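This report describes selected local features of one protein model and the surroundings of its ligand. The sequence and structure are shown first.

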Amino acid sequence: MPDLDNKKILLGITGGIAAYKAAEYCRLLIKQGARVRVVMTPAAKEFIQPLTFQALTGEPVLSELFDADAANAMDHIELARWADLIVVAPASADSIAKLADGYADNLLLTIVLAASCPVAVAPAMNQHMWSNQATQDNIQRLRQHALLVWGPAAGEQACGDVGEGRMLEPQQLADMSVALFRPGPLTGRKLMITAGPTREAIDPVRFLSNRSSGKMGYALAAAARDAGAEVTLVSGPVCLNVPDSVTLLSCESAGDMLQQVTQNITGQDIFIACAAVADYRVAAVAKEKIKKTAEQMTLQLVKTPDILASVSLSDNKPFCVGFAAETSELEQYARHKLAHKKLDMIAANRVDDPASGFEVDDNALAVFWQGGSQQLPRQPKTDLARELIAIIARVYREARPVTEKT
Ligand code: C5P
C-alpha cells in the first residue's frame, strides 16, 4: 500500500520562484496515494499557472477568498476540516510573516488559521531575506505556534546568490510528508516535559539560578515528537530553538513553572521532569535594586514547590519520569527518589564529570524503574534522548497496557 494512501493533503503555494518545484512535489504526493487539493495565493499565480496543478490533481485550484464561481466548491472552513496535513511550499517571507501574525487576508492564510491538522511550511527565499532578523523572529513564532518548518536548504539560489534559503527538494518534502504519517511508539500520547533552569529573583536585577542549559530537555522534546507524541515543553530561560511542532510554555521561576504545569497537566499521558528547578527562593524579593553598602549580607531562603512531586503524588497522575543529578552514590539517591516521589521511572546522571552533564552536549544516564534498570553510556544528548524515549515508551506500554487511545 502506498505510504500516503487516502491521506488528504492541502498544498498551499505562495509567490516565489520555487513554485515550479511544487508541481513535482504535488506529483510525488499523488504517486504515494495522497489526495491533493491546491490553494494558490494571488502572487503564486504570477509564477506558475493554476492549470498545471489542476491537471496534476484533477481538482480545481482555489485562490480567491470570495469566489462567486466557486459557490459549490468547499469554503475555507470545509477545506481546513478536510485536510489531514497542510503544506505551504514554497512559503515566501511575506506569507511566513503573515502566518506568524495570524493574518487571514487570502484564502490560504484563512485555511491555515482555521486548521487543526498539522501545518508545515517550506521556506524559500533569498539568503539575506532568510537570515534577516525579522524573518528569523517570524520562524521562531511559527515554531512556538506548533507549525512545522521544513528546511530551507543551503546552496545556489535562483537570484544567483549562494546561501541558506532554498526550498527543500520535492523528494525531501515528499519523504517528510510520509514520515509525518508513520505511527511511532508514542503516537496518540500527550507528553509534557519541563526543561532548563529556573530563576529565583533576589531583586529586580539579580537572581539565583543554576548551570542547566536545557539541552537534555529540548532533545527529549524532539525525540518524543519523533516518536509520535504531542509534546508540551515547559521551559525556564534557555538559549535554544524550540523543536518544530512542540508547544512551548515559557516560564522563569519555580513558582511560574508549577503554575504552567498545573494549568496544563490534565490529559497528559506522560510527564518528564527534566528541569533543574531551583530548590530555594529568596523569602522576600527586594522591590528596588539592593545597594552594596553593607560588608556582609544574608539572604533568607525558603524551599520552592516540588513540581514533580505535585504531579506524581496527585490522583490520576500521568506516567512520571524524574531526573536525579548527583555527585555521588547515584543509584542509592536515584532509587530513594523513585520511591519517595512515587515515580514510574528515574534517569540519573553524575554531574561531577565536566565532560558530561550540565552545559555540555554529552551525557550518560542510569535509568531505574520498578522491575528494571538500564545504563545509557556517554553520548550526545540528542542520541541519549532517543534512547531514553524508547525506554519510556516501552515501560509506559507495559505499565499502562490499556490502550484506550489507540
Ligand atoms: O529532589 P530532587 O530535586 O533531586 O529531584 C529531582 C527531580 O525533581 C527532577 O526530575 C526535577 O526536575 C524535579 N524537581 C521539581 N521541582 C523541584 C525540584 C525538583 O520538579 N522544586
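## Cis peptide bonds

Pro90 is part of strand E3, which comprises residues 85-91. In this predicted model, the bond that links Ala89 to Pro90 is a cis peptide bond, with omega at about 0°.

A cis peptide bond also leads from Gly151 to Pro152, where omega is near 5°. Pro152 is located in a loop, between strand E5 (148-149) and strand E6 (153-156). As background, most peptide bonds are trans.

## Positive phi at Ala146

Ala146 is not a glycine, yet its phi is positive, at about 70°. The residue belongs to the loop that runs between helix H7 (133-144) and E5. In general, residues other than glycine mostly have a negative phi.

The ligand sits in the second largest pocket. Around the ligand there are 13 residues, and the closest of them are Ala273, Ala275, Pro305, Phe323 and Lys337. Sorted by class, this shell contains seven nonpolar, two polar and four charged residues. Two secondary-structure elements, helix H11 (307-312) and strand E16 (319-326), each contribute at least two residues to the shell.

A polar backbone atom of Ala273 is 2.6 Å from a ligand oxygen atom. In the case of Lys341, the distance between a polar side-chain atom and an oxygen atom of the ligand is 3.0 Å. Of the 450 Å² of accessible area that the ligand has on its own, the protein covers 84%.

## Aromatic pair

An aromatic pair is characterised by two quantities, the distance between the ring centres and the angle between the ring planes. How many such pairs are counted in the model? The count is one aromatic pair. The ring centres of Phe319 and Tyr396 are 5.7 Å apart and the planes stand at 90°, so the geometry is edge-to-face; the cut-off for this class is an angle over 60 degrees.

Phe319 lies in strand E16, whereas Tyr396 lies in helix H13 (residues 381-399), so the pair ties together parts that are 77 residues apart in sequence.

Notes
Residues are numbered from 1 along each chain as its sequence is written. This is a predicted model: local features need pLDDT of at least 70, side-chain atom pairs count only at pLDDT 80 or more; totals for chains, interfaces and linings use all residues. Side-chain values use heavy atoms; hydrogens and water are left out. A residue is near a molecule or strand if one of its heavy atoms lies within 4 Å of it. A polar contact is a pair of N or O atoms within 3.5 Å; within protein, one must be able to donate a hydrogen and the other to accept it, and residues adjacent in sequence count only if both atoms are side-chain atoms. Accessible areas come from the Shrake-Rupley method with a 1.4 Å probe; for residues, only the protein chains shown count as cover. On a 1 Å grid over the protein atoms alone, a cavity is a set of points where a 1.4 Å probe fits but cannot get out, and a pocket is an open set with protein on both sides within 12 Å along at least five of seven lines; lining residues have an atom within 4 Å of a point. A molecule sits in a cavity or pocket if more than half of its atoms lie within 2 Å of its grid points. Helices (H or I, at least four residues) and strands (E, at least two) are DSSP runs, numbered from the N terminus. Ala, Val, Leu, Ile, Met, Phe, Trp, Tyr, Cys and Pro count as nonpolar, Asp, Glu, Lys and Arg as charged, and the others, Gly among them, as polar. Rings of Phe, Tyr and Trp (its six-membered ring) pair if their centres lie within 6.5 Å; planes under 30 degrees apart count as stacked, over 60 as edge-to-face and the rest as tilted.
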